[in-house]
Amino acid sequence: MTTLTILPSGKTFEFSAGANLLQSILDAGEKLVSKCGGEAKCGACHLSVTEGRKGVSKITAAENAKLDTLVGIGSKSRLACQITLLGTEPVTVELLSGI
Ligand code: FES
């Protein structure tokens, strides 16, 4: 078990290795839109992984392709639905708005 911190709320909770990030955020009571059912097609679950990037699964070709179509992408951008939390180190994510 390790921790996931969600910004801007600052809510922190424990998760088990292998958990999906989008589902973990929703389970924590945070709002994050998913319009495609987690298939890397809508981009609505875009967020930034600000800390613990080694604690999340690597970006896939499908995720990278979708990110390339979005506005406001940065080096820390990821799609929450495509991330598996590895449990190797604490992770901090920042939810974005307006996308
Ligand atoms: S939920 Fe659609 S891309 Fe993640």
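Strand S1 (residues 2-7) and strand S7 (residues 91-95) run parallel and are joined by four bridges. Helices (H or I, at least four residues) and strands (E, at least two) are DSSP runs, numbered from the N terminus. Two strands count as paired if DSSP finds at least two bridges between them. Within this pair, threonine 5 stands opposite threonine 92 in S7.

This is a predicted model, in which local features need pLDDT of at least 70, side-chain atom pairs count only at pLDDT 80 or more, and totals for chains, interfaces and linings use all residues. Residues are numbered from 1 along each chain as its sequence is written.

**The sheet**

The protein has two helices and seven strands, and from the N terminus on its elements run β-β-β-α-β-α-β-β-β. Five strands form an open sheet with mixed pairing, in the order S2-S1-S7-S4-S5. Its edge strands, S2 (11-15) and S5 (77-79), each pair on one side only. From one strand to the next the twist averages 35°; for such angles, axes are lines fitted to C-alpha atoms (for helices over the stretch in contact), and angles run from 0 to 180 degrees between N-to-C directions.

Strands of a sheet pair through backbone hydrogen bonds, either parallel or antiparallel.

| Strand pair | Sense | Bridges |
|---|---|---|
| S1 and S7 | parallel | four |
| S4 and S7 | antiparallel | four |
| S4 and S5 | antiparallel | three |

Strand S4 covers residues 46-51. Serine 48 stands opposite serine 77 in S5, and in S7 the bridge partner of serine 48 is glutamate 94.

The protein has 99 residues, for which a compact globule would have a radius of gyration near 13 Å; the protein has 12 Å, which agrees. This radius is taken over C-alpha atoms, and the globule rule is 2.2 Å times the number of residues to the power 0.38. Along its principal axes the C-alpha trace spans about 35 × 25 × 25 Å.

Buried residues make up 24% of the 99 residues. A residue is buried if 20 or more other C-beta atoms lie within 10 Å of its own, exposed if 12 or fewer, and partly exposed in between, with C-beta atoms placed from the backbone.

Two residues are in contact if their C-beta atoms, placed from the backbone, lie within 7 Å. Leaving aside its neighbours within four places in sequence, cysteine 45 is in contact with Leu22, Leu32, Val33, Ser34, Leu79, Ala80 and Cys81. Of the contacts in the protein with a separation of 6 or more, 68% are between residues 24 or more positions apart.

**Two backbone exceptions**

Most residues other than glycine have a negative phi, and most peptide bonds are trans. A cis peptide bond, with omega about 10°, joins leucine 7 and proline 8. Proline 8 lies in the loop between S1 and S2.

Alanine 40 is not a glycine, yet its phi is positive, about 60°. This alanine 40 is found in the loop between H1 and S4. Alanine 40 counts as partly exposed because it has 18 C-beta neighbours inside 10 Å.
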